[in-house]
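Dear colleague,

I am handing over the structure below, together with an account of what was found in it. Please read the notes alongside the coordinates, and keep the cut-offs in view as you go.

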Amino acid sequence: MNHTPATLSIRQSVVELCQELSRRGHFSGTGGNIALRIDAEHIAVTPSATDYLTMVADDICVLRLSDLQQVAGARAPSVESGLHAKVLRARPDANASIHTHQPVASACALLGRPLAVPPGHMQTTLGRSIPVVGYAPSGSGWLSSRLARALRADTNAYLMFNHGVLCCGPTTWAAVQAVEDLEALCQQQLLQAMADRARLEPDLQAALQRVADALHA
Ligand SMILES: [Zn+2]
C-alpha cells in the first residue's frame, strides 16, 4: 500500500499542510506536527525535526495506527506520533490531527483554564468548551494518555498545559479552521481579560489608597 496514488497524495498533503501552517504563523521553526488518516489501518505523520520548507512527500512517515510500526518514510516519525494516534483511534470521525505551539493559544495554555466557546460558528469547528490537558513532557506516553482521557466526541480543540494545542477535524481544512478559530478565540479572551483587569484597576487603587490613609491616620 505504500506507493498507491492515495498514499502518495496524502503524504504530499502533509507536506503542503505543514508549509501552510508555517506560512500562517502557527508552526514555528520545526515546532508542530500533524497526522492524516490514510485508511483504516495507516496514518501519515510529520517526520521529527525536519525543516517544513525543504520537506518532500518521501520524508513523510507512514505508520500503522494500531502499534505505530513504521511502514514507509526514511526519517524518524515525530515524537508526538503517539499523541496523534490516540486522537485518530478514539475519533473515527476525525481524519486530521494537528499539534501546534501557536502563539496566543499557547499563552492561554500557560494559564491552565478551560475556555468557553461563545455560541456561533466557532462552536461548530471547536465545540462548546476547550478543555485543558494536564502537563506531561513532550512525546511522552504520559502526555498522550492524559490527552486520550480528555478527548470528547464533540470537541475538536484542546489546550495542553504549559505546552501548546491539539486540534482535529473530519477533514484537513476543518482541522486548520479549528487551529485558526482557537487562535482567534484565545485572542478575544485574553483581550477581554486585560480590559476587565484595567476596569478593576481604579477600584483596586482606590481601595489601596484607603488602606494607606487609614494606616497613616
Ligand atoms: Zn509540542
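Two strands are taken as paired if DSSP finds at least two bridges between them, where strands (E, at least two residues) and helices (H or I, at least four) are DSSP runs numbered from the N terminus. By that criterion, E8 and E9 pair in the parallel sense over two bridges, and Val132 has Leu159 in E9 as its bridge partner.

Before the rest, two notes on provenance. This is a predicted model, in which local features need pLDDT of at least 70 and side-chain atom pairs count only at pLDDT 80 or more, while totals for chains, interfaces and linings use all residues. Residues are numbered from 1 along each chain as its sequence is written, and side-chain values use heavy atoms, with hydrogens and water left out.

Overall architecture

The chain contains six helices and ten strands, and its C-alpha atoms fill a box of roughly 85 × 30 × 30 Å along the principal axes. Of its 217 residues, 44% count as buried, where buried means under 20% relative accessible area, exposed means over 50%, and partly exposed lies in between (1.4 Å probe, protein chains only). Taking contact to mean heavy atoms within 4.5 Å, one finds that, among contacts between residues at least 6 apart in sequence, 61% join residues at least 24 apart.

The sheet is open and made of eight strands in the order E4-E3-E2-E1-E5-E10-E9-E8, with mixed pairing. Its edges are strand E4 (70–72) and strand E8 (132–133), each of which has a single partner strand, so one side of each is left without a neighbour in the sheet. Helix H3 lies across E5, E9 and E10 and runs at about 60° to E9; for such angles, axes are lines fitted to C-alpha atoms (for helices over the stretch in contact), and the angle runs from 0 to 180 degrees between N-to-C directions.

Nonpolar cores

A nonpolar core is here a set of buried Ala, Val, Leu, Ile, Met, Phe, Trp, Tyr and Cys residues joined through side-chain atoms within 4.5 Å. The largest one has 37 residues, and those with the most contacts inside it are Leu21, Ile34, Ile98, Leu126, Ile130, Leu159 and Leu182. At least two residues of this core come from each of helix H1 (5–23), strand E1 (33–37), strand E5 (96–100), helix H3 (103–111), strand E9 (157–160), strand E10 (164–169) and helix H6 (172–216), and the largest share, seven residues, is supplied by H6. A second, separate core of 21 residues includes Val45, Val87, Tyr158 and Met160.

Leaving aside neighbours within four places in sequence, the contacts of Ile34 include Val14, Leu17, Cys18, Leu21, Phe27, His84 and Ile98.

The zinc site

Which atoms coordinate the zinc ion? They are the NE2 atoms of His99, His101 and His163, at 2.0 to 2.1 Å, and these donors follow the spacing H-x1-H-x61-H along the chain. Donors are N, O and S atoms within 2.8 Å of the metal (3.2 Å for Na, K and Ca), and because water is not among the atoms, sites may look incomplete. His99 is buried at a relative accessible area of 1%, whereas His101 is partly exposed at 32%.

Local features to check

A search of the whole structure finds one aromatic pair. The ring centres of Phe27 and Tyr52 are 5.0 Å apart and their planes stand at 40°, so the pair is tilted; rings of Phe, Tyr and Trp (its six-membered ring) pair if their centres lie within 6.5 Å, with planes under 30 degrees apart counted as stacked, over 60 as edge-to-face and the rest as tilted. Phe27 sits in the loop between H1 and E1 and Tyr52 in the loop between E2 and E3, 25 residues apart, and both residues are buried.

Most residues other than glycine have a negative phi. Ala49, however, has a positive phi of about 45°; it lies in the loop between strand E2 (42–45) and strand E3 (61–64) and is exposed at 64% relative accessible area. Leu68 also has a positive phi, near 65°, and is found in the loop between E3 and E4, where Leu68 is partly exposed at 29%.

With best regards
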